[in-house]
Amino acid sequence: MPDTITITDDRTGKTVTVPIEGGVFSSSALRELDPSLFMYDPAYMSTAATQSAITYLDGTNGVLRYRGYPIEQLAEKSTYLEVAYLLMNGDLPDTTQLDQWTHDVTHHTFIHENMRKRFVDGFHYNAHPMGMFVSAVAALGTFYDGAKNIEDPVSRNHQVLRLIAKAPTIAAMCYRFSVGLPFNMPDNDLSYSANFLNMMWKIGENYEVDPRLERAMDILFILHADHEQNCGTTAMRVIGSSHADPYSSAAGAASALYGPRHGGANEAVIRMLTEIGSIDDVPAFVESVKKGEGRLMGFGHRVYKNFDPRATIIKKAAYDVFDVTGKSPLLDIALKLEEVALSDPYFIERKLYPNVDFYSGLIYQALRFPTEMFTVLFAIPRMSGWLAHWDELLVEGQKISRPRQWYTGADERDYVDLTDR
Ligand code: CMC
């Protein structure tokens, strides 16, 4: 069977035959039939918007790999910083490379004092930490002359190190501001995850990060590091393709992540479980979802139509965390909800399964993070994924993103004076 597709324009009888590679064919071939012909694909449901060698995702079989490595192996054996290196550079580092990378990231964790004293202190006292995070990432770029020097790989690498290193610092700073606590400086003797937990929770001298919670945090960071062309990463690529600096691009990606249908879902899950209130009320809630009165947050995925491999790993990690912190009171409701939904034809027919956000919120809550911080916790590790895609598109010299539209508005008409309308 030939690996081609033949398209005929029935209006003209013209035909074009295009190769299919990796399940994809180039839609630009349509232009050979008629230069004014475009594909209509709102929300990119069946469009591959780019080539990418970073993350492989097979939604039917629940497969997720970073640079070829299965997510299960990375979650078990790797660390977030090693995964960030892998995403950026394409291969796992050797010992020297990992030491250098860890040193470089660790020595960029501090942020300019004006960021904290003038910028962050200017927020309203009850500002949402994710809104603060988005703005702070954009503002950070204004502190570095080289930020716009995106053609230079050395400068690009410098900005990458800064953004990966400073994301937890900004996140912790936003949180501490929102609860009126003094900011903790980064401690460069700690691991990436332990440093973040330390900046978040240390009050006085007696705080020590529990290594089991440090590991759980690292696993969550690994699982969230990349997810190919999701909404936020697409935003990163679209903005990056205009050659905006990486800070502005990452702020745009973080804004996309903020929405409840994307990274904001974990926050919505906790709200939903709290509203349900008890196991007995789960069936009634599921019925209301089926009537279209709301969505089951943490369920369903645009790509995974069988299971989300991240959800499986996270469910196990949740129990490891509960061993240290005690069980979340919402866990029983979540388990019951999962059980009811997974046996209900409505969810089975629509292939709706728990996604990464269904259990991550419960872990975050057990780790004492307020719900407003959940999306920020997603954004910290996703920074490395966003930057890997940004770097890839620049190296490959991708053109500026500029989709076309299907115009459905009024035909040409003459302006009518105000008095005649
Ligand atoms: N609860 C109830 N019904 C749902 C849900 C849900 N969570 N998700 C989809 N459906 C139904 C939807 O109503 C539709 O039914 P019908 O065919 O009768 O109209 C059908 O399933 C298909 O839904 P869709 O909206 O066309 O699917 P989509 O691929 O556009 O949406 C989604 C994917 C993730 C936005 C959606 O499943 C959703 O809103 N889930 C809840 C929010 C959530 O958990 N988001 C986190 C995604 S994972 C983290 C990430 O990677 O960002």
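Mentor: The charged end of Arg368 sits over the ring of Trp201, 4.4 Å from its centre. This is a predicted model, in which local features need pLDDT of at least 70, side-chain atom pairs count only at pLDDT 80 or more, and totals for chains, interfaces and linings use all residues. Residues are numbered from 1 along each chain as its sequence is written, and side-chain values use heavy atoms, with hydrogens and water left out.

Trainee: What makes the charged end of Arg368 count as sitting over the ring of Trp201?

Mentor: The term asks that NZ of Lys or CZ of Arg be within 6 Å of the ring centre and within 35 degrees of the ring normal, and for Arg368 the distance is 4.4 Å.

Trainee: Why is the pair of Tyr80 and Tyr192 called tilted?

Mentor: Rings of Phe, Tyr and Trp (its six-membered ring) pair if their centres lie within 6.5 Å, and planes under 30 degrees apart count as stacked, over 60 as edge-to-face and the rest as tilted. The centres of Tyr80 and Tyr192 are 5.0 Å apart and their planes stand at 40°, so the pair is tilted.

Trainee: Why does Tyr80 count as buried?

Mentor: Buried means under 20% relative accessible area, exposed over 50% and partly exposed in between (1.4 Å probe, protein chains only); Tyr80 has 0% relative accessibility and therefore counts as buried, and Tyr192, at 9%, counts as buried too.
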